[in-house]
Amino acid sequence: MPLTGFRDFLPAACAERNYIFSKWREVARRYGFVEFDGPVLEELDLYKKKSGDEIVRQLYDFIDKGGRPVALRPEMTPTLARIVAAHHRDFRKPLKWFSIPQVFRYERPQKGRLREHFQLNCDIIGEASAEADAELISLAIDAVRTFGFSAKDFVVRISDREFWTEFLRSERVPEEGWEQILQVIDKSERESREKTCERLGTLAEPVFEILEKGGHSEKLDGIIENLRARGLADYASVDVRIVRGLAYYTGTVFEIFDRAGKFRAIAGGGRYDQLVLQLSGGAASLPALGFAMGDVVLGEMIRANTGAKTQMETDAKGDQAIQIFAVIAKSERRNDAIGAVQELRDRGWRVDYPLSAMNIPKQFHMAQARGARLAILFGDEWPQVAVKDLLSSEQQVIGREQLLEHVSRALSF
RNA sequence: GUGGCCAUAGCUCAAUGGUAGAGCUCCAGAUUGUGGUUCUGGCUGUUGCGGGUUCGAGUCCCGUUGGCCACCCCA
């Protein structure tokens, strides 16, 4: 058994994971994003500095053999900000980078939440305009749409922290108290109105007025208009109840949910215009924004949808299947068979054959179980071989020298 | 970190306190030159672990570990 909250990926599960990753990559590249990666282990301080003790509590951290406090990455953004702070001069702005890191957190596992998961991480760095916000949100939408989901399945709820900080400034709330009030607003959906009112005190009345009237801002209206121009407006709605837990967000924030409300957030992200500046020690000031989409909740959502599930399973099955199986009907033909196997593999076909002597029915059974389309029989026909199409059951005997040509014709459609 | 439910073969699950079973998977054969169907046979269990009650515990009690779920928190 793997450790609590960790997963083994047996071949079928690994093939499904590959399916999700390849869809993510394909969509990110469609948007002009390039892939990067970083270390799984980072200095503990990288997370402590910006996140505070509350998050350190769930960090997977330890002291390494050199006495250094280190932590398995709980998210990708600090690593990205660290890399960008050091290397941004090498790149023309804006940067559009993505990664598919495995991230870790130490806590009790539950539905949609383990101690490790993989996430698609996409970030735009060095662009302050709201066009970047809309571009990133579009990518997030497409990264879900690509699995066969539509606007009736999920929605991205978009908010703006500046909307709230301006409100708090107008209410003359001291800046030290902002973070705490934002957290209360973030939780207001999950808690009773009484409790929220109590925590907000004198701010309760104006805050609830905003929440009930559906507050918005010019920036948010602009993002929705932008998405409308892309034909994606149905996938988005302004919702100022979204605040997000992380302290480093500075502007636009958003989360993606399934419409039925059966799952946790599928993805979340926002603007963090100060983070690169902080991590570079003031050397590089770059506006930035990004989002992360985890494989666990998305996977649950795919498995709960018949169409999406079938698509994933079909793809995963094809990922594991071979194309050709060499049946060795006479043991004296083994060397002739492995010679042909090697030639076919050199041509790029996925080919397998029995590693030990076994009777013919079993070899055909194996060919079929491995998903082979063709079985090539090496036996009494030699120097000819029998090529059987396992789908149509049609079989024909051809000369050995015609094999490569015959196979490429048979498998070309 | 807190709480609820659960724990029997590789998987899904049976077994009024009375000698641990079935289906599927896997392996072999029926069929020594042809897969998907069928039939036959075979393998695997300290019933998660440790105590206790009892003539006797998979079953009841306590502890423990693990899983699932919810809370906390949310990257």
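A residue is near a molecule or strand when its C-beta atom, placed from the backbone, lies within 6 Å of that molecule or strand. The legends below describe a predicted model.

**View 1. Residues around RNA strand B in the predicted model**. RNA strand B is surrounded by 35 residues. The closest are Gln-58, Pro-74, Phe-364, Gly-379 and Asp-380. Sorted by class, the surface near RNA strand B comprises 13 nonpolar, 11 polar and 11 charged residues.

View 2. The largest contribution is that of α15, which supplies five residues.

**View 3. Burial of strand β15**. Strand β15 spans residues 374–378, and five of its five residues are buried, so the strand is largely enclosed by the rest of the structure. In a regular strand, side chains alternate between the two faces of the sheet. Both faces of β15 are covered: buried residues Leu-374, Ile-376 and Phe-378 lie on one side, and buried residues Ala-375 and Leu-377 on the other.

**View 4. Parallel pairing of β13 with β15**. Five bridges connect strand β13 (residues 324–328) to β15 in the parallel sense. Ile-324 has Leu-374 of β15 as its bridge partner.

**View 5. The hairpin of β15 and β16**. Five residues separate the two strands of this hairpin. β15 and β16 run antiparallel and are joined by four bridges. Within this pairing, Leu-377 stands opposite Ala-386 of β16.

Terms used:
Residues numbered from 1 in each chain as written. Chains lettered and ligands numbered in written order. Predicted model: local features only at pLDDT ≥ 70, side-chain atom pairs only at ≥ 80, totals over all residues. Nonpolar A, V, L, I, M, F, W, Y, C, P; charged D, E, K, R; others polar. Buried ≥ 20, exposed ≤ 12 C-beta atoms within 10 Å, placed from the backbone. Pairing = 2+ DSSP bridges.
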